[in-house]
Amino acid sequence: MGSLTLWMQVSLDGFVEGPDEEVYWPVVDEELCAGYLDELRRADSLLYGRKTYEIMADYWPTADLAPVSPFYVDFARFWRDASKLVVSRTLQAPGWNTEVIGADFVEQVRQRKDSGQDLVLLGGAETAAAFLAHDLIDEYRLFVHPVLLGDGVPLFQASVDPSSLRLLDVLTFDSAVVQIRYRQSARVCVEHCLS
């Protein structure tokens, strides 16, 4: 059985987009990203909502041509080659090793998990809400930023039973971003009880 891990940037007051669809407020620096490249390499596919994918595709394919640091070179090369899925009804021929999954994206992700694939959802509030509604998320990796947006698109658009979550770890970065990692407790039990 595969897994779906949600990696999401979220404001202190729980929003993933600001009131005017602002998405450029997170502090996503090298310290935050560099340690996770090896983890992303282990995923079978990276998964995006259309807007997040377009932001990534506007920058990363050529980020190694005028590199800011060795990390940017590494990540750009990784991103170009990584298998990517993007949830969209409108995107055509995205390139960069990317497959568009459309109206039946929930079922397609379920089938990939059932076949043993490990997927990482790296953005897309609507996409995350659909997977939450269908109980497809196995692990949450939330990056809480020290910013108050006041309004916008909340990460959790419906209630989540906190008793079903097991805290795995908490990590604080120099930027004051806090990573909180949870796993669905029933899934933790299955994995640990079988090993």
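A salt bridge is a side-chain nitrogen of Lys or Arg within 4 Å of a carboxyl oxygen of Asp or Glu. Keep that in mind for the exercises below. The model is predicted, so local features need pLDDT of at least 70 and side-chain atom pairs count only at pLDDT 80 or more, while totals for chains, interfaces and linings use all residues. Residues are numbered from 1 along each chain as its sequence is written, and side-chain values use heavy atoms, with hydrogens and water left out.

**Exercise 1. Find the salt-bridge partner of Arg 50 and say where the two residues lie.**

Step 1: Arg 50 pairs with Glu 54, with 2.9 Å between the closest N and O atoms. This is one of twelve salt bridges in the structure.

Step 2: Both residues belong to helix H3 (residues 50–59), four residues apart, about one turn of the helix. Helices (H or I, at least four residues) and strands (E, at least two) are DSSP runs, numbered from the N terminus.

Step 3: Now check accessibility, where buried means under 20% relative accessible area, exposed over 50%, and partly exposed in between (1.4 Å probe, protein chains only). Arg 50 is partly exposed at 30%, and Glu 54 is partly exposed at 31%.

**Exercise 2. Work out which parts of the chain the salt bridge between Arg 112 and Glu 99 ties together.**

Step 1: The side chains of Arg 112 and Glu 99 meet at 3.1 Å, N to O.

Step 2: Arg 112 is in helix H5 (residues 105–114) and Glu 99 is in strand S5 (residues 98–101), so the pair ties together parts that are 13 residues apart in sequence.

Step 3: Arg 112 is buried, at 16% relative accessibility, whereas Glu 99 is partly exposed, at 37%.

Step 4: Helix H5 also holds Arg 110 and Glu 107, three residues apart, about one turn of the helix. Their salt bridge has its closest N and O atoms 3.4 Å apart.

**Exercise 3. Describe the aromatic pair of Tyr 36 and Phe 143.**

Step 1: Rings of Phe, Tyr and Trp (its six-membered ring) pair if their centres lie within 6.5 Å; planes under 30 degrees apart count as stacked, over 60 as edge-to-face and the rest as tilted. The structure holds 15 such aromatic pairs.

Step 2: Tyr 36 and Phe 143 are 5.8 Å apart, centre to centre, with 70° between the planes, and the pair is edge-to-face.

Step 3: Tyr 36 sits in the loop between helix H1 (30–34) and helix H2 (37–42), while Phe 143 is in strand S7 (residues 139–145); the pair links distant parts of the chain, 107 residues apart. Both residues are buried.

**Exercise 4. Locate the charged end that sits over the ring of Trp 79.**

Step 1: A charge sits over a ring if NZ of Lys or CZ of Arg is within 6 Å of the ring centre and within 35 degrees of the ring normal.

Step 2: The charged end belongs to Lys 84, 4.4 Å from the ring centre of Trp 79. Likewise, Arg 141 lies over the face of Trp 7, at 4.6 Å from the ring centre.

**Exercise 5. Find where confidence is lowest and highest in the chain.**

Step 1: pLDDT is the predictor's confidence in each residue, from 0 to 100. The chain has a mean of 89, and 94% of its residues reach 70 or more.

Step 2: Confidence is lowest in helix H7 (residues 185–194), at a mean of 51, and highest in strand S6 (residues 118–121), at 98.
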